[in-house]
Amino acid sequence: MNETLEAVLKMKRREITVIYPCERTMKSVVNSDKTELQLLEDVFSWYNYGSQNESPAFLNSKARSLSVNDFVKIDGNVYQCKSSGWQQVDDEYLKNIELLVESKMKYCKTSAWHNLNDIMYSFKKNLLTKQTA
């Protein structure tokens, strides 16, 4: 068997979901032998304007770039984009964030992205307050 065929056979089918809370969800499937953290870095470039590696599905969607506090699910494992890297979270955390963003949108006229960032800022502020108390 040639090396290229062997490499292809080692690849796994990976299900990727990019989640912009209360905005949109974009799903794709790739064949890859990369780790989840390597795939997360790929997904970040696929879903960011100017990366020179944007996926056609992303470009056609007219979605905003994947950003801090957005989520990516790979094979059922959920990660939140941080200012530097990724943090693995669970489905319940993601659902709670989406509910908070949706709830805030009912009385706040800003975008889902702004509401998400306000909520995450409040979480961080409350965590820092608890640590210094």
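Which backbone nitrogen lies 2.8 Å from a polar atom of the side chain of D90? That of Y93. A few notes from my pass through the structure, which is a predicted model, follow.

1. Start with the sheet. Five strands make it up, it is open, and the order reads β2-β1-β3-β4-β5. Pairing is antiparallel. Going from one strand to the next, the twist averages 25°.

2. Now look at β3 and β4. Strand β3 covers residues 71-74 and strand β4 covers residues 77-81; they run antiparallel and are joined by four bridges.

3. You'll find D90 in the loop between β5 and α4 (91-107). Is D90 buried, exposed or partly exposed? Partly exposed, because its relative accessibility is 47%, and the partly exposed class lies between under 20% for buried and over 50% for exposed.

4. One more thing on D90: how far is it from K73 in sequence and in space? The two are 17 residues apart along the chain, and their C-alpha atoms are 10.0 Å apart. As for the side chain of D90, one of its polar atoms is the one 2.8 Å from the backbone nitrogen of Y93.

Technical notes
Residues are numbered from 1 along each chain as its sequence is written. This is a predicted model: local features need pLDDT of at least 70, side-chain atom pairs count only at pLDDT 80 or more; totals for chains, interfaces and linings use all residues. Side-chain values use heavy atoms; hydrogens and water are left out. Two strands pair if DSSP finds at least two bridges between them. Helices (H or I, at least four residues) and strands (E, at least two) are DSSP runs, numbered from the N terminus. Axes are lines fitted to C-alpha atoms, for helices over the stretch in contact, and angles run from 0 to 180 degrees between N-to-C directions. Buried means under 20% relative accessible area, exposed over 50%, partly exposed in between (1.4 Å probe, protein chains only). A polar contact is a pair of N or O atoms within 3.5 Å; within protein, one must be able to donate a hydrogen and the other to accept it, and residues adjacent in sequence count only if both atoms are side-chain atoms.
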